[in-house]
Amino acid sequence: MKRDTASRMLARARRLRAKLVGWRRHLHMYPEPSMEEHETAAFVVERLREIGVEKVMPGVGKTGVVGLVRGQRSKTVGLRADMDALELEEESNVPYRSRRAGLMHGCGHDAHVACLLGAAAILHEMRDRLPGGVKLVFQPGEEGAGGARYMIEDGVLARPKLRAIAALHVAMDTEAGKIGIRRGYDTAQTEDVRMVVRGKAAHAARPDQGVDSIAVASQALVAVQQFIARHTNLVDRKLVTFGVIRGGTRANVLADKVEVVGTIRSLEPEGRAAITKFLTRDLRKLVGAMGARLWVRIEKDGYPPLVNDDRVVDVVEETARAMVGGGNVAEVAQPNLGGEDFAYFGLAGVPAAMFRLGIRDERKGFTSAGHSSTFDMDDRRVLPIGAAMLAAVAVRMLEGV
Ligand SMILES: [Zn+2]
Ligand SMILES: [Zn+2]
């Protein structure tokens, strides 16, 4: 991408600043949970029609919306934004704070939608010169519901078939003004695990007459961490975190049952297989040796790992260098062990990559991590960059991935 093309697109996005900020703040005030993005979807449909996007299709993947900017040739690429918010109480006094108790755009998906609407406006204006079509994919249910799958089932990657697809995610560990890129593994395979340790109740003063399931569960949980630390390849990142533990009724009775619920995060299939084998087979022996029984279930509907396609990352990197300058393109050093259902698009066979839109700004006090109750960003500064990047990446993908 030529530097002047990129800076023209950024200048255009900056003229859209008031709209971008208005869109994001409206969505921020009215967050909706996963797969219930009805008002958000209606808002997107209205804005796309206002912009003049020719083809607008609501109800793709339940509450998803697809827009199509037709270009001068038949090939088509995609851009994706997720739309859902989190069950989280916002703790902030900004005028655009959430108006809905217990719901908050704490992951920045409001910004993603605003950036994609901005990209739609830029691409629509240049449709006479656009070397192909751009499908605008507004996806529901990223935060655990796997909304990407519903859109794929409804044919979002076909009719017209996508040659490649890109998405952005705001990132608090990348400085505002910078674009973060990552090759290969980007986010983890996620799986939930549920375990029940069954012992036998007895008087607390006679543990020998029962089986203390709390003591056995404690040992089992330590064993899981030790297994990962001592028996798996740590260069391949992975972890198990137990976020729930329940058991027992009173201080002087041996608990007969302990239930724990956790999440497994892995990158390479070998690491995942090792953890699965330990949890479902070997751990049982350890629990059995203590006289208790173990029941384990690994829920299979977690997200696959996101693996960014090198060719799409090349396009993003080249575009970012032209737009924000080489000094503002940051290599994301490590994959993160969060989950991201954008992975499904790549898994379905379309070259796909996600890049980071930096939002960290210490001077202005924007440092709260994603999924925290004080998460926010300098939207006036970052949204134009996000919108211009998406539009430019689409054009560059059309020129050849
Ligand atoms: Zn999130
Ligand atoms: Zn997110």
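Trainee: Which residue takes a positive phi in the hairpin of β1 and β2?

Mentor: In that hairpin, which has six residues between the strands, Gly59 has a positive phi near 75 degrees. Please note that this is a predicted model, in which local features need pLDDT of at least 70, side-chain atom pairs count only at pLDDT 80 or more, and totals for chains, interfaces and linings use all residues. Residues are numbered from 1 along each chain as its sequence is written, while chains are lettered from A and ligands numbered from 1 in the order in which they are written.

Trainee: What makes β1 and β2 a pair?

Mentor: Strands are DSSP runs of E with at least two residues, helices are runs of H or I with at least four, and both are numbered from the N terminus. Two strands pair if DSSP finds at least two bridges between them. Strand β1 (residues 55-58) and strand β2 (residues 65-69) have four bridges, in the antiparallel sense. Lys55 stands opposite Leu68 in β2.

Trainee: Why is Lys62 called partly exposed?

Mentor: A residue is buried if 20 or more other C-beta atoms, placed from the backbone, lie within 10 Å of its own, exposed if 12 or fewer do, and partly exposed in between. Lys62 has 18 such atoms within 10 Å, and is therefore partly exposed. Lys62 is found in the loop between β1 and β2, and its phi, near 60 degrees, is positive although the residue is not glycine.

Trainee: Why does Ala171 count as buried?

Mentor: Ala171 has 23 C-beta neighbours inside 10 Å, and so counts as buried. This residue lies in strand β5 (residues 162-175).

Trainee: Which residues of α2 are buried, and why are they said to lie on the same side?

Mentor: They are Leu20, Trp23, Arg24, Leu27 and His28. They cover an arc of only 135 degrees around the axis, which puts them on the same side of α2; the arc is that of the directions from the helix axis to the C-beta atoms.
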